[in-house]
Amino acid sequence: MKNNCIFCAIAEGEIPSFKVYEDDVALAYLDINPFSFGHTLVIPKVHTEGLLDTPDETLAAVLARVKKIAAHIKTALPCDGFNILQNNGEAAGQTVKHVHFHIVPRMNGDTLFFENHKGDMDALKRLADRLRM
Ligand code: AMP
Ligand code: ZN
């Protein structure tokens, strides 16, 4: 596996994902253990570990995609707001060492505490089909 990295393997198409967006720079797919309905990850296709080793131009390009995808999610799903999360290092809860942005849809009055719930693969597939751009 390239860079021994699961997100590179997803970007290469070596392992499947519930893809919702792809272009030459970035890829977005549903988190398989979501915090909330529609929890989506956005990655640059080129491997870097975290925020600090990622070139500014890449960050700017990926964040523009984060904005575009979040706007789409906000209209396509029940979604009153959203969090953008980006974890760096194990201490911060980073489990996959390929830089990524979380888009976490939120509802008014939800009681979301950031905790993964086991994903339903069929439901995730339907949702990715619904959201794919
Ligand atoms: P972080 O804790 O910021 O490193 O986030 C990594 C996220 O990747 C977690 O929320 C995982 O649920 C998610 N994740 C891990 N493997 C996959 C995968 N194969 N497809 C989609 N999401 C994944
Ligand atoms: Zn990678």
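Glycine 93 places a backbone N or O atom 2.7 Å from an oxygen atom of ligand 1, a polar contact in the sense of a pair of N or O atoms within 3.5 Å (within protein, one atom must be able to donate a hydrogen and the other to accept it, and residues adjacent in sequence count only if both atoms are side-chain atoms). The protein covers 88% of the 500 Å² of accessible area that ligand 1 has on its own, with areas taken from the Shrake-Rupley method with a 1.4 Å probe and, for residues, only the protein chains shown counting as cover. This is a predicted model, in which local features need pLDDT of at least 70 and side-chain atom pairs count only at pLDDT 80 or more, whereas totals for chains, interfaces and linings use all residues. Residues are numbered from 1 along each chain as its sequence is written, chains are lettered from A and ligands numbered from 1 in the order in which they are written, and side-chain values use heavy atoms, with hydrogens and water left out.

**Surroundings of ligand 1**

- Ligand 1 is surrounded by 17 residues, of which Asp31, Gly93, Thr95, His100 and His102 are the closest; a residue is counted here if one of its heavy atoms lies within 4 Å of the molecule.
- Histidine 102 brings a polar side-chain atom to 2.8 Å from an oxygen atom of ligand 1, while a polar backbone atom of isoleucine 32 is 3.3 Å from a nitrogen atom of ligand 1.

- For comparison, the ideal angle for four tetrahedral donors at a metal is 109.5 degrees.
- Cysteine 8 counts as buried at 2% relative accessibility, whereas histidine 47, at 27%, counts as partly exposed; buried means under 20% relative accessible area, exposed over 50%, and partly exposed in between (1.4 Å probe, protein chains only).
- Histidine 98 sits in the loop between strand S4 (81-85) and strand S5 (101-106) and is buried, with a relative accessible area of 0%.
- A polar atom of the histidine 98 side chain also lies 2.8 Å from the backbone oxygen of proline 44.

**Salt bridges**

- The structure contains 8 salt bridges, each being a side-chain nitrogen of Lys or Arg within 4 Å of a carboxyl oxygen of Asp or Glu.
- Aspartate 23 and arginine 65 form one of them, with their closest N and O atoms 2.7 Å apart.
- Aspartate 23 lies in the loop between strand S1 (19-22) and strand S2 (26-30) and arginine 65 in helix H2, so the pair ties together parts that are 42 residues apart in sequence; both aspartate 23 and arginine 65 are buried.
- Lysine 97 and glutamate 90 meet through their side chains in a salt bridge of 3.5 Å, N to O, where lysine 97 is partly exposed at 31% and glutamate 90 is exposed at 65% relative accessibility.
- Aspartate 110, itself partly exposed with a relative accessible area of 27%, pairs with arginine 106 in a salt bridge whose closest N and O atoms are 2.6 Å apart.
- Lys19, Glu22 and Lys45 are joined in a network of salt bridges.

- Most residues other than glycine have a negative phi.
- Leucine 127, in helix H3 (residues 121-131), is buried at 6% relative accessibility; leucine 127 and leucine 30 are 8.4 Å apart in space, C-alpha to C-alpha, although 97 residues separate them in sequence.

Terms used
Helix = DSSP H or I, 4+ residues; strand = E, 2+ residues; numbered from the N terminus.
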